[in-house]
Amino acid sequence: MVMAILSLAWKSGLFFSKKGFVVNARKYLFLVLLLPSFVSFSSNHSSDFLSVFQRHSAIMLMIAPDSGHIVYANEAASAFYGYPVNKLTTLTIQDINMLTPEQVAVERENAERENRRYFIFRHQIASGDIKTVKVYSIPIQLAGKSLLYSVIQDISLQRQLSQELWHYQASLEQAVDLQTAKTKNKTSLINMLLAIGMALMLVTSGILFYLLKRKNLIEEKSHQLSQIVEQSPVAIATTDLSGHIDYVNQKFIRDCGYSKEELIGSQPSLLTDDSLDARVYHQVVASVARGKTWIGELYTKSKNGEKFWERVHLYPIKNVQGSIVNYVAIKENITELKEDEKQLRLASTVFQTATEGVMISDADNIIVAVNDAFTQITGFSQQEVLGKKPSILSSGHHDDAFYQQMQQTLDAKDSWQGEICNRRKDGEIYYEWLSITAIRDERGELEAYVSLLSDITQRKKNADKIYYQANFDALTGLANRNLFLDRFNQMLEQANRNGQKIALFFIDLDGFKGINDNLGHAIGDLLLQQVAERLSQSVRKSDTVTRLGGDEFAIILTENDDLDAVARIASKIQHSIAEPFQLKQHQAILSASIGITIYPEHGNELDELLNKADSAMYRAKQNGRNNYQFYRDSEEIL
């Protein structure tokens, strides 16, 4: 039976501790609130036990070891799990515990390695939330049945121990005192019956045997209660009426660092930090002296000088006459919780004051939090985006393939960063640098996405302006010599790869100087702008038009292996330039002299091709202007 119970304990996420400590039953009967283990109850005491069990504020279950069926659940368990008691008793512990048998085995190995008396598991409540719990479990005998008595502690929210923990103990102590009194009365009756005669000897012997058995049962029950107290996950100590410590459990000894011998007989002030406000100490003493319970937080000092925070429940223990006979303190180390709260406050401050926008979305990519910088960048308030998807910012500038690639990178690397174009609340398009990180739990399951975004719109505009100034002619908007060279090299690679030719035009405007001198530089600039527009319209978008300076222009034509086609384009340009120009209130007429070179026949470098095209252009001018000429190998390069 023990092996079956142990097996269920491991499988269902419950922990069984073998160690215990024997204490005086009468002195510590107030610890009944912790409930017994390894005990057999008669039918009368089973009802008392179940009554205490049902009312207890701690989360408790009693489970059938063979099937895992929840036989009893108290009201605290009902409140915690969110099921009515009658619903809980239709479930098995496997319905609640979310860990697989393999995960339970891993946790068991961790607990053995760390010498823990409890296990940490994940239990699912009715709402679907998963709670992290500490589980302690002991086998008991109740009304002739073997059950697994389990105490569950919610450490997700660091639930406070029930204030009434020791009141139930006092009730059980009273029951033990009353039973002991009955035993004495019956013993007296036995003596009287023995005096009456030997005829009643057999009856008296039977009664005596029965009473002795009950007495042993009570003593065994007290022994088991003492084991539970010794193995409690919280520190427990009691003092006499003068305030001297007369009992501490093992958890108390481990927390404070003093030995049991050093603690027994000493005052609790031994553990008080000097920084504790004396008024707080007086409040504690005054409260318990009036028979009241005091609950609060104290800063405690261990033997080695280490200081830590504790949540303390301190209250008096009364005897059956209602007189205070002891004081009990139940203490829980909350230093780690305090530190966690501090870190959360710091993280919250950083989150709200960061200059970068922060957006947090859940595993379904629903926005759950944004900071003030997010609102400043996007124009959306927190209330307007919570519960929405990040697509609320979409500008429509990116296609589905862009977002699919982003998601694939996130799935593979748990992070993505890059430039993205989004839309503010007022409709303005802006650019941001976006970094997304996927957050996963200890099991590798996706929990959330954290996105950091910076507005780079102005920086991008500045970069675009610098790029434009470096690569385009300020007057005409045509490519300048730098960009022209870059485009030529690109076309050169393409031509070599595809076995194609490149045609290069060198264009000089006939008659521009006279117009510029007579009508002014403003009219001359306007004329150059219109010429640039006509040249761009005369060629394809894949071709490149540049202003070399003054009234000189150049054009790169790609994929033109047919010289006749090149000649037709040159003729088209001439006719386009020959059309009259309307320059405000003036009209001007120009013509164009064009020199043409072909790659690779006339050279492999841009400068070489330009020089030869320039020579051909001068020959066009010598031939009467307003014509085009192909470069001849025999002519001298100017």
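## Two neighbouring helices

Helix α18 (residues 512–519) and helix α19 (residues 521–538) have axes that come within 6 Å and cross at roughly 140°. Angles over 145 degrees would count as roughly antiparallel, and α18 and α19 are therefore oblique to each other. Please keep in mind that this is a predicted model.

Which residues make the contact? From α18 come Phe512, Ile515, Asn516 and Leu519, while α19 brings His521, Ile523, Gly524, Leu527 and Leu528. By class, the contact of α18 with α19 holds six nonpolar, three polar and no charged residues.

## A perpendicular pair

Now to another pair of helices. The axes of helix α17 (residues 481–498) and helix α21 (residues 606–622) are 11 Å apart, and the two pack at an angle of about 110°. This makes α17 and α21 roughly perpendicular to each other.

On the α17 side, the contact is made by Arg481, Phe484, Leu485 and Phe488; on the α21 side, by Leu606, Leu609 and Leu610. Six nonpolar residues and one charged residue take part in the contact of α17 with α21, with no polar ones.

## Aromatic rings

The whole structure has nine aromatic pairs. One of them joins Tyr468 and Phe472, whose rings are stacked, with 4.9 Å from centre to centre and 15° between the planes. Tyr468 is partly exposed, at a relative accessible area of 38%. Elsewhere, Phe402, Tyr403 and Trp416 form one aromatic cluster.

## Charges over rings

Lys134 lies over the face of Tyr118, 4.5 Å from the ring centre. Lys460 places its charged end over the ring of Tyr431, at 5.0 Å from the centre of that ring.

Notes
Residues numbered from 1 in each chain as written. Predicted model: local features only at pLDDT ≥ 70, side-chain atom pairs only at ≥ 80, totals over all residues. Heavy atoms only, no water. Axes fitted to C-alpha atoms, helices over the stretch in contact; angles between N-to-C directions. Helix = DSSP H or I, 4+ residues; strand = E, 2+ residues; numbered from the N terminus. Parallel < 35°, antiparallel > 145°, perpendicular 65-115°, else oblique. Contact = heavy atoms within 4.5 Å. Nonpolar A, V, L, I, M, F, W, Y, C, P; charged D, E, K, R; others polar. Phe/Tyr/Trp six-rings, centres within 6.5 Å; stacked < 30°, edge-to-face > 60°. Buried < 20%, exposed > 50% of the residue type's maximum accessible area, 1.4 Å probe, protein only. Lys NZ or Arg CZ within 6 Å of the ring centre and 35° of its normal.
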